[in-house]
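Visitor: Could you walk me through a bit of packing in this one? I'd like to start with helices and then move on to domains.
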Amino acid sequence: MSEPIIRLKNVNKWYGQFHVLRDLNLDVAPSERIVICGPSGSGKSTMIRCINRLEEHQEGQIIVDGVELTNDLKQIEAIRRDVGMVFQHFNLFPHMTVMENLTLGPIWVLKRPKAEAEATARKYLERVRIPEQADKYPGQLSGGQQQRVAIARSLCMNPKIMLFDEPTSALDPEMVKEVLDVMVELAEETGMTMLCVTHEMGFARKVADRVIFMDHGEIIEENAPDEFFDNPRNERTKLFLSQILH
Amino acid sequence: MDSAIPGTGRQPPRTETGPLGWIRSRLFSSPLNAILTILALWLLLMAIPALIDYLLVKPDFAATTAAQCRETGGYCWAFIREKHRLILFGIYPYDEQWRPLLASVILVVVIVCSCIRWFWKPFLGLLWVAALVAVGILMWGGILGLSYVENSRWGGLPLTLILSTFGIAFAFPFGLLLALGRRSHMPGVKAVCVVYIELIRGVPLVSLLFMSSVMLPLFLPEGFSIDKLLRAQIAIILFAAAYVAETVRGGLQAIPKGQYEGADSLGLSYWQQMRKIILPQALKIVIPPLVGIFISLFKDTSLVVIIGIFDLTQAAKAAVSDAVWRGFSTESYLFISVIYFIFCFSISRYSLSLERQLDQGQHR
């Protein structure tokens, strides 16, 4: 394995008295695609939110692309430039058009000229298959379209790593596929490192290099997807899979 | 998308549309509403004819003296003819009163310009600088062949406009910073802001004005004085800023956490987040209460009366105290009420239109 792009070493985190992350160790290789699953409250979202410091870990080390996450604001901003994030509830900016949402980061953070940022934005809107929505406001789009805009917004920053925090769980069922299709395409056509918290097992089988199962703040099991789904080793993994796969 | 197909469907029943339908549904939809409608009609019937009679029918428009006015009764227009310049410009030298008039017009024009979207460009700042310089020169004089008028002689409408314009212009950004400070994660900044806001909000404006005019000079070293008008202006700014801060804080709290996270995940710095993401949304939410603060600030400038500054209200009072025209306080106060109303109503209408403009396209 080459030098990991993300490395978690003995990461611990508490919410008050509640121990959410317990001694997490994880190495992610560049271009690796990881799906993280587990019951709700297992700490999977918290873990990926620690990677771009939306949450603070209290013990251990998180190193992203050679930079360790500390309280240093400059380092946090540097890491966030390289790490894109897609949220469950999209978190688009409702007062801006789709185009403005997409160009905000490139113009203000990467200091790109406006014309260049817009050209990039159009390219990615094309890629997520909604080029015609550029001048609309997020509120005028369907959930699936909004999530695709959110994916394009992250891509516009040209990140090395993409984090997906349950990207399809707030969507109406008929819109899940359009978002997953975009994500599959992204995984297959770019060499981007992806960490995805999701319960979409079809997606996991199709694109993941590794599936990680978490429970009670610990990584219980990790394996290649086929192995993971067909021969789960841990009892808790078996129980979880039996519950979501019916 | 156009989902309605023309030519299909029945017309709604007659009673539901047209003027009759409107009257039924809006005025007499229930017994209580019918009573309220009739009550409102009765009030209008009582008030409007009486007002017209008082203002337009009864008075003798040709009257020129107080005696003539008293004879006919009704609104004494002669009083306004006689005193309007005192009320509008206070004790500013009579022959120079074109200067405050022009200054007021300039102020109103730049304020109106600032309200129009087309002007929201960098040169608006230059326009303001130019306008304020012009207002300063006109009011003080002393150069360009204008005689010098010290600001203790300023008064009336221009003074009210100056106090409220500067009041809003400084209280708003100051209040914004206070609101951000109060939500800051730095305990020191937060404590200072909380103490400031709570202290100021716990004190009436009148006492702040008193403090600024009576107590402040006691603390200043001998021979060092800040102009009385400036002190009043500062008191107004400090006062309004605390209210602006609390209102804006309300707006900030209404912004979902996801907006901060979305902005964070793009790597935007704190100030970029505030400027581009959080404040535009928060301020839009608080336009109505914010405008309420500005309107009350405009009216509260009349409290400077108590420290002897000659604003519009004080001028109206002075006009009544003339022995020859004694007893026409209704005329005087009605006159300034109309002036206050015109300004406040304009502000309020503008805020409505601004809300509507900002709302466009953002909702389905």
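This is a predicted model: local features need pLDDT of at least 70, side-chain atom pairs count only at pLDDT 80 or more; totals for chains, interfaces and linings use all residues.

Visitor: At what angle do α5 and α6 of chain A pack, and how far apart are their axes?
Guide: Helix α5 (residues 143-155) of chain A packs against helix α6 (residues 173-189) of chain A at about 20 degrees, and their axes lie 8 Å apart. Angles under 35 degrees count as roughly parallel, and α5(A) and α6(A) are therefore roughly parallel to each other.

Visitor: Left-handed or right-handed crossing?
Guide: The crossing of α5(A) past α6(A) is right-handed. On the α5(A) side the contact includes A:Gly143, A:Gly144, A:Arg148, A:Ile151 and A:Leu155, while α6(A) contributes residues including A:Met175, A:Val179, A:Val182 and A:Leu186.

Visitor: How many of those are nonpolar, polar or charged?
Guide: By class, the contact between α5(A) and α6(A) has seven nonpolar residues, four polar and two charged.

Visitor: Switching to chain B, what are the domains there?
Guide: The domain assignment gives domain 1 (32-91 + 326-364), domain 2 (93-148) and domain 3 (160-309) of chain B.

Visitor: How much area is buried between domains 2 and 3 of chain B?
Guide: About 420 Å² is buried between domain 2 of chain B and domain 3 of chain B, with carbon and sulfur atoms giving 94% of that area. In domain 2 of chain B, the residues that lose the most area to domain 3 of chain B are B:Leu107, B:Ile111 and B:Leu132, which together make up 61% of what that side buries.

Visitor: And how many residues touch, with what separation of centres?
Guide: Eight residues of domain 2 of chain B contact four residues of domain 3 of chain B, and the centres of these two domains, taken over C-alpha atoms, are 25 Å apart.

Definitions and conventions: Residues are numbered from 1 along each chain as its sequence is written. Chains are lettered from A and ligands numbered from 1 in the order in which they are written. Side-chain values use heavy atoms; hydrogens and water are left out. Axes are lines fitted to C-alpha atoms, for helices over the stretch in contact, and angles run from 0 to 180 degrees between N-to-C directions. Helices (H or I, at least four residues) and strands (E, at least two) are DSSP runs, numbered from the N terminus. Angles under 35 degrees count as roughly parallel, over 145 as roughly antiparallel, 65 to 115 as roughly perpendicular and the rest as oblique. A crossing is left-handed if the near helix is turned anticlockwise from the far one by less than a right angle, and right-handed if clockwise. Contact means heavy atoms within 4.5 Å. Ala, Val, Leu, Ile, Met, Phe, Trp, Tyr, Cys and Pro count as nonpolar, Asp, Glu, Lys and Arg as charged, and the others, Gly among them, as polar. Domain bounds come from an automatic or database domain assignment. Buried area is the accessible area (1.4 Å probe) that two parts lose on being put together, summed over both.
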